[in-house]
Amino acid sequence: MAFLDNSGDIILDAVLTDTGRFRLAKGDGSFKITKFALGDEEINYGSYDKNNASGSAYYDLAILQTPILEAFTNNTSTMQTKLISIPRTNLLYLPVMRLSGPQKNYTSGSTYGGNFVVCVNLETAGNSTTTGILDGDQQTADDIQGFLNGYQPSGQSTGGSIRVDQGLDTGEIPSTYTIDADLNETQYIVEMDNRFGTIVSAGSPTVAANVSFIDDDNIASYYLSMTTDQNFIANIDGNSTESSISGPRGTSLEFKVQASTDLATSTYLFEQLGNSGYLVNVTGRGTDTTAYFICYYIDSIIKVTGATTGYTINIPVRYIRKYTSG
């Protein structure tokens, strides 16, 4: 939804989501608008001028006059930062989500560019008999921080996982305090490109998540609940040293990525949507003294949204497939 003109009478342009259009198309009279979202992608709050010489009525004038984008039918192009309403007025801190755990690969100075890296086939991931990135010495599983085995997530050399923790990220309140129920996420929405992979649990054996909806842009949405998806969502121990949340902690969402058959068996999508020349250097690891792998790669995003607070985190993921080694 977007304002077309807010200079006089307010004119709105509303666009249904893919799910909304799907239900409307049924034509059985069951379609009703029960939920909507508001966002502020276009607004730069730094334009608020509290020193405006004309007085307080002009402090927010630049913001109010900001041109508003038209509504987009492509859900991946807008609504990246949804607005939320919290009726309580006594909150000093709002809940956030952070990448956590030993496999987080978002930190500065990351050897592999701050992406989670998914090895899509056996030749790339490797195992006890095949030289790969995660089993380079053909003897032991030498996992690299931030690398995931997208070929066989629950097999030998499973690589890492992606974990998102939720809570109040403040040192003013001890992490052992219980987070308020209305600030605790118990449901998450995970969105990713269905052409590249699917979501599976981090445990062994892995459990595949059920896809709730795939839109016309091939974006798959997974609606995960703590009630029905205990393999993915769990409460966080307040004494955990792996969590990135400093204050009271809520729940964590942890998962792996199973690479799609298209990526595992063909280079077509890499050639159409990706690039080549990505270098993974594992020199000196295990019994490998001069090992490196040059790969095709596709960069993508996995979007995680908390269903309670609406907080969103975009996780960069790089899918790789080895085509030569030395």
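Me: Which residues touch the most other members of the largest nonpolar core?

Reply: This is a predicted model. In it, the largest nonpolar core holds 34 residues. Ile-162, Ile-302, Val-304, Ile-315 and Tyr-319 touch the most other members.

Me: What does Ile-162 touch, not counting residues up to four places away in sequence?

Reply: Its partners include Leu-99, Phe-116, Leu-148, Leu-253 and Phe-255. Ile-302 and Ile-315 are also among them.

Me: What is the overall make-up of the chain?

Reply: It has five helices and 15 strands. Of its 326 residues, 41% count as buried. Of the contacts with a separation of 6 or more, 66% are between residues 24 or more positions apart.

Me: Why is strand β10 called largely enclosed?

Reply: Strand β10 covers residues 219–225. Six of its seven residues are buried, so the rest of the structure largely encloses it.

Me: How do you know that β7 and β10 pair?

Reply: Pairing takes at least two bridges. Seven bridges join β7, residues 187–193, to β10. The two strands run antiparallel. Asp-193 stands opposite Ile-219 in β10.

Me: What makes β9 and β10 a pair?

Reply: The cut-off is at least two bridges. Two bridges join β9, residues 213–214, to β10, so the pair meets the cut-off. These strands run antiparallel. Phe-213 stands opposite Ser-221 in β10.

Me: How many residues lie between β9 and β10 in their hairpin?

Reply: Four residues lie between them. Asn-218 is in the turn. Its phi is near 65°, a positive value in a residue other than glycine.

Me: Why is Asn-218 called partly exposed?

Reply: The partly exposed range lies between the buried limit of 20% and the exposed limit of 50%. Asn-218 has a relative accessible area of 33%, so it is partly exposed. Its place is the loop between β9 and β10.

Me: Why is Asp-165 called buried?

Reply: Buried means under 20% relative accessible area. Asp-165 has 0%, so it counts as buried. Asp-165 lies in strand β6, residues 162–167.

Me: What is Asp-165 in contact with, leaving aside neighbours within four places in sequence?

Reply: Its contacts include Val-96, Arg-98, Ser-100, Ile-236, Ser-244 and Thr-251. Thr-251 is 86 residues from Asp-165 along the chain, yet their C-alpha atoms are separated by 6.1 Å.

Me: How do you know that Cys-119 is in no disulfide?

Reply: A disulfide needs two cysteine sulfur atoms within 2.5 Å. By that rule the count is zero disulfides. The nearest cysteine sulfur to that of Cys-119 belongs to Cys-295, 7.3 Å away. Cys-295 is likewise in no disulfide.

Me: Why is the pair of Tyr-296 and Tyr-323 called tilted?

Reply: Their ring centres are 4.8 Å apart and their planes are at 50°, so the pair is tilted. Tyr-296 is in β14 and Tyr-323 in strand β15, 27 residues apart. Phe-270, Tyr-296 and Tyr-323 form one aromatic cluster.

Me: Is Tyr-323 buried, partly exposed or exposed?

Reply: Tyr-323 has a relative accessible area of 41%, so it is partly exposed. Tyr-296, at 18% relative accessibility, counts as buried.

Me: Which rings does the charged end of Arg-318 sit over?

Reply: It sits over the ring of Tyr-278, 4.7 Å from its centre. The charged end of Arg-318 also sits over the ring of Tyr-297, 4.5 Å from its centre.

Note on methods. Residues numbered from 1 in each chain as written. Predicted model: local features only at pLDDT ≥ 70, side-chain atom pairs only at ≥ 80, totals over all residues. Heavy atoms only, no water. Buried < 20%, exposed > 50% of the residue type's maximum accessible area, 1.4 Å probe, protein only. Phe/Tyr/Trp six-rings, centres within 6.5 Å; stacked < 30°, edge-to-face > 60°. Lys NZ or Arg CZ within 6 Å of the ring centre and 35° of its normal. Core = buried A, V, L, I, M, F, W, Y, C linked by side-chain atoms within 4.5 Å. Contact = heavy atoms within 4.5 Å.
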